[in-house]
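These are my notes from looking through one chain, taken down in the order in which I looked things up.

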Amino acid sequence: MAKRDFYEVLGVGRNADDREIKRAYRKLAKKYHPDTNPGDKQAEQKFKEVTEAYNVLNDSEKKKLYDQFGMAAFEDGFGTGNQSDFYGGSGGQSRDSGFGGFDFGQDRNGTYREYHFENGDMGDIFGDIFGNMFHGEAGGFSGEGFGSRRSGFQDGFGRSARSGRGSDLQSEVSVSFEDAVFGCERMLQLSSGESGEKIQKLQVHIPAGIEDGKSIRLKGKGNSGYGGGPAGDLLLKIHVEPKAGWERKGVDIYTTAEIPFITAVLGGEEKFSTLYGDVMCKIPAGTQSGGKIRLRGKGAPSLKKPSVRGDQYVTIRIQVPKTVSPEAAEKLKEYDRAMKRGYSGKRGSAA
């Protein structure tokens, strides 16, 4: 099948400068990269196509040959054969073999593994899309399964790609409200391959004070590196299960408690529940419904400084009895009359 015009592949004009070419490639590589289109063979082919076009148009010598001779410049037997170095061969290498050996999403045993992006941030194509594999002169993909010829796949800047850091992996783990506050240990099993074969068992420490949505980074537990490069990391996103009647905001905890009407009026002591056990708390006379009682140091510990804990805020609700005895009802009426006399006297004195 005849190859498409490289300028058309990248969507740029024939007078496009290096910056335009690079910008167009980044946009298309981000769109078609196999990590963002797992299992999509058409996207994989598109990625190969735009990368092939970029590797020619971004190289001044190859671009000059292409502008003058088109694809013929890279066919067998053209000129002295030096042009075929672009495809990783020597002399008579076929033009179609330059991008053979793509095995996206597979480890060296041919087992499928998912690749993910940390926090979904793909702002820098060479940092996030390619897993930070373009740092240093030896950055990039290894010779196994991706650009496997001796000259190798080029990273878009004319450097040979021989080794690089493996991709990060992401997973999630759920913990109870209490475990998020106090910390806990979790045993995780990592799987690989479409069969779900278990390949690794990890014991993970969930630190005290972790919040919902935060991630824990396990260095070196991601996908294997390329060409002897370091492995990526495993990012565990924490999901904190809700606890009825309890809410957390940062290191502070919020709850609600009911107290008797008479205690709210006259004051007294009431028992409140905390994550650290029940505590007796002094209730000031005249406490209003909706008021808050602060329990110092009964919140969650700080991740940065575990010895420092937040507070617990208890919102007060006043208990109103649904039924009362005749004697209690009479006492309440006396109370009401006394309160009215008191208000009346105050109004009279004020007049």
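Predicted model: local features only at pLDDT ≥ 70, side-chain atom pairs only at ≥ 80, totals over all residues.

Residues are numbered from 1 along each chain as its sequence is written, and side-chain values use heavy atoms, with hydrogens and water left out.

**Entry: the whole chain.** I find eight helices and 11 strands in the chain. Buried residues (under 20% relative accessible area, with exposed meaning over 50% and partly exposed in between, 1.4 Å probe, protein chains only) make up 39% of the 351 residues. Taking a contact as heavy atoms within 4.5 Å, I note that among contacts between residues at least 6 apart in sequence, 55% join residues at least 24 apart.

**Entry: helix α4.** I looked up both ends of α4, which covers residues 60–69. At its start, a side-chain oxygen of D59 comes to within 3.0 Å of the backbone nitrogen of E61, and after the helix comes G70, with a positive phi near 70°.

Which residues of α4 are buried? I list K62, K63 and Y66. They lie on the same side of α4 because they cover an arc of only 100° around the axis, taken from the directions from the helix axis to the C-beta atoms. On the other side of α4, S60, E61, K64 and Q68 are exposed. The cover over the buried residues of α4 includes α1 (6–10), α2 (18–32) and α3 (41–57).

**Entry: salt bridges.** I counted a salt bridge wherever a side-chain nitrogen of Lys or Arg is within 4 Å of a carboxyl oxygen of Asp or Glu, and the total comes to 15. One of them joins the side chains of R4 and E8, at 3.6 Å from N to O, and R4 is partly exposed at 32% relative accessible area. Another pairs R14 with D5 at 3.1 Å, N to O; R14 is partly exposed at 46%, and D5 is also partly exposed, at 26%. D5 and R14 belong to a network of salt bridges that also takes in K63 and D67.

I then looked at E178 and K243, whose closest N and O atoms are 2.8 Å apart in a salt bridge. E178 lies in helix α6 (residues 177–182) and K243 in the loop between β5 (234–240) and β6 (247–249), so the pair ties together parts that are 65 residues apart in sequence. Both partners are partly exposed, E178 at 27% relative accessible area and K243 at 25%.

**Entry: a nonpolar patch.** What makes up the nonpolar patch on the surface? I find F261, I262, L266, V324, L332, Y335 and M339, which together have about 630 Å² of accessible area. Patch residues have over 30% relative accessible area and no salt bridge, with nonpolar side chains (Val, Leu, Ile, Met, Phe, Trp, Tyr) joined within 5 Å and like charges within 9 Å. Helices α7 (261–266) and α8 (326–350) each supply at least two residues of the patch, and I262 is found in α7.

How values were computed: Areas by Shrake-Rupley, 256 points an atom, 1.4 Å probe, with all protein chains shown as cover. Helix = DSSP H or I, 4+ residues; strand = E, 2+ residues; numbered from the N terminus. Polar contact = N/O pair within 3.5 Å; in protein donor to acceptor, adjacent residues only side chain to side chain.
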